[in-house]
Protein chains: 2
Amino acid sequence: MSTTPETAAVISPEALREHWQGHRRLTRRVIDAFPEDQLFTFTLGGMRSFGTMALEMLVMAAPMVRGIVSEEWAASWDRQALPKADLLREWDEATAEIDTLWAQIPLARFQETTTAFGQFPGKVHDLLLYVIDNEVHHRGQGYVYLRALGVEPPPFYERT
Amino acid sequence: MSTTPETAAVISPEALREHWQGHRRLTRRVIDAFPEDQLFTFTLGGMRSFGTMALEMLVMAAPMVRGIVSEEWAASWDRQALPKADLLREWDEATAEIDTLWAQIPLARFQETTTAFGQFPGKVHDLLLYVIDNEVHHRGQGYVYLRALGVEPPPFYERT
């Protein structure tokens, strides 16, 4: 419906990277807000634990960017519960890896089509937005878990 | 950290509009999935009802785009519970209004800084992403409510 060409700019690569990393800083705080003994055990409505959701985020994040850069799609989907400190350490390693790999994505690549992990076809920028949205979606669920546990979650608008 | 200039394209205006409207179609299905008598009453963890969260989305969505286009910032923050059919009708009206207004946003406008509703300063593209993220965040919470109510939520990846 818009007549704007697909090549016109709304969000730069750097702005998208910073947007995502802002979300990831908040998600890290949500993980950290969970009591150690509830991270991989507490659930509502028969859903997964927040720890399991956080592992899904981790499995999708850096491996997605790696695949976009290299077309080598490898992810370890079968992850088991681990201590919070170990999860946070992996989170921080992924943060650094995303930054390093991001700088290697050619500008034109964001508009290309690929099949992430051999099963999810889409434009590169949509695949990245999907990973971000999936994180925001499940983190919102983590907020409900924390509230139900009587823990005040970190403010949603705080991303630094 | 990236050397890509802020003017480089990752996501076009049309792609961002379609991305958002895809989310809005999913959120509409989540609203519709709630039993009428639970939409504004069911809560977990002392949080707001999903109906109240959906009203917040509605109050932010079209008024945000209107403000971006006109710098006239008006939102009716004090909204009361209403029948699901009325909420869905307002949702559809907002969908059409967003499409109409979106076409009036000049390309350069997305990089400008403004103060949304007189209180939220930011770049236009970040303000739009905030509204989208806020919707995804609260919709994720709606998924927990639905699961706790024994209702299967619509699939997250389905946006058509």
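Predicted model: local features only at pLDDT ≥ 70, side-chain atom pairs only at ≥ 80, totals over all residues.
Visitor: Great. With that in hand, what does V10(A) touch, leaving out residues up to four places away in sequence?

Guide: V10(A) touches I11(B), S12(B), P13(B), L16(B), F110(B) and H125(B).

Visitor: And where does V10(A) sit in its own chain?

Guide: V10(A) is in the segment before α1 of chain A.

Visitor: Is V10(A) buried or exposed?

Guide: V10(A) counts as buried because 25 other C-beta atoms lie within 10 Å of its own, and the cut-off for buried is 20 or more.

Visitor: How far is V10(A) from P35(A)?

Guide: Their C-alpha atoms are separated by 40 Å, with the two residues 25 apart along the chain.

Visitor: Let's move on to α1(A). How many residues does α1(A) have, and what span does it reach?

Guide: α1(A) has 21 residues and reaches 30 Å from its first C-alpha to its last. That is close to the 30 Å expected at 1.5 Å a residue.

Visitor: Which residues of α1(A) are buried?

Guide: Among them are W20(A), H23(A), R24(A), T27(A), V30(A) and I31(A). An α-helix has 3.6 residues a turn, so residues three or four places apart point the same way.

Visitor: What covers those buried residues of α1(A)?

Guide: The cover includes α2, α3 and α4 of chain A, together with α4 of chain B.

Visitor: What rotation superposes chain B on chain A?

Guide: A rotation of 180°, with 0.0 Å of shift along its axis, and the RMSD is 0.0 Å. That is the relation of a two-fold axis. Also, 100% of the interface residues of chain B are interface residues in chain A, so the copies meet through the same surface.

Visitor: Which residues touch the most other members of the largest nonpolar core?

Guide: Those are A54(A), M64(A), L128(A), A54(B), M64(B) and L128(B), out of 76 residues in that core. The elements giving two or more residues to this core are α1, α2, α3 and α4 of chain A and α1, α2, α3 and α4 of chain B.

Visitor: Pick M64(B). What does M64(B) touch, again not counting residues up to four places away?

Guide: M64(B) touches A116(B), L127(B), L128(B) and V131(B).

Visitor: Switching to strands, how do β1 and β2 of chain A run?

Guide: β1 (residues 113-116) and β2 (residues 120-123) of chain A run antiparallel, and four bridges join them. T114(A) stands opposite G122(A) in β2(A). The hairpin has three residues between the strands, and F117(A) takes a positive phi near 55° there.

Visitor: And what is phi of F117(B)?

Guide: Phi of F117(B) is near 55°, a positive value in a residue other than glycine. Most residues other than glycine have a negative phi.

Visitor: What about E71(B), then: where is it?

Guide: E71(B) lies in the loop between α2 and α3 of chain B, and E71(B) has a positive phi of about 60° although it is not a glycine. E71(B) counts as exposed because it has 9 C-beta neighbours inside 10 Å.

Notes
Residues numbered from 1 in each chain as written. Chains lettered and ligands numbered in written order. Pairing = 2+ DSSP bridges. Least-squares fit on C-alpha atoms with pLDDT ≥ 70 in both. Contact = placed C-beta atoms within 7 Å. Core = buried A, V, L, I, M, F, W, Y, C linked by C-beta atoms within 7 Å. Buried ≥ 20, exposed ≤ 12 C-beta atoms within 10 Å, placed from the backbone. Expected span 1.5 Å × (residues − 1).
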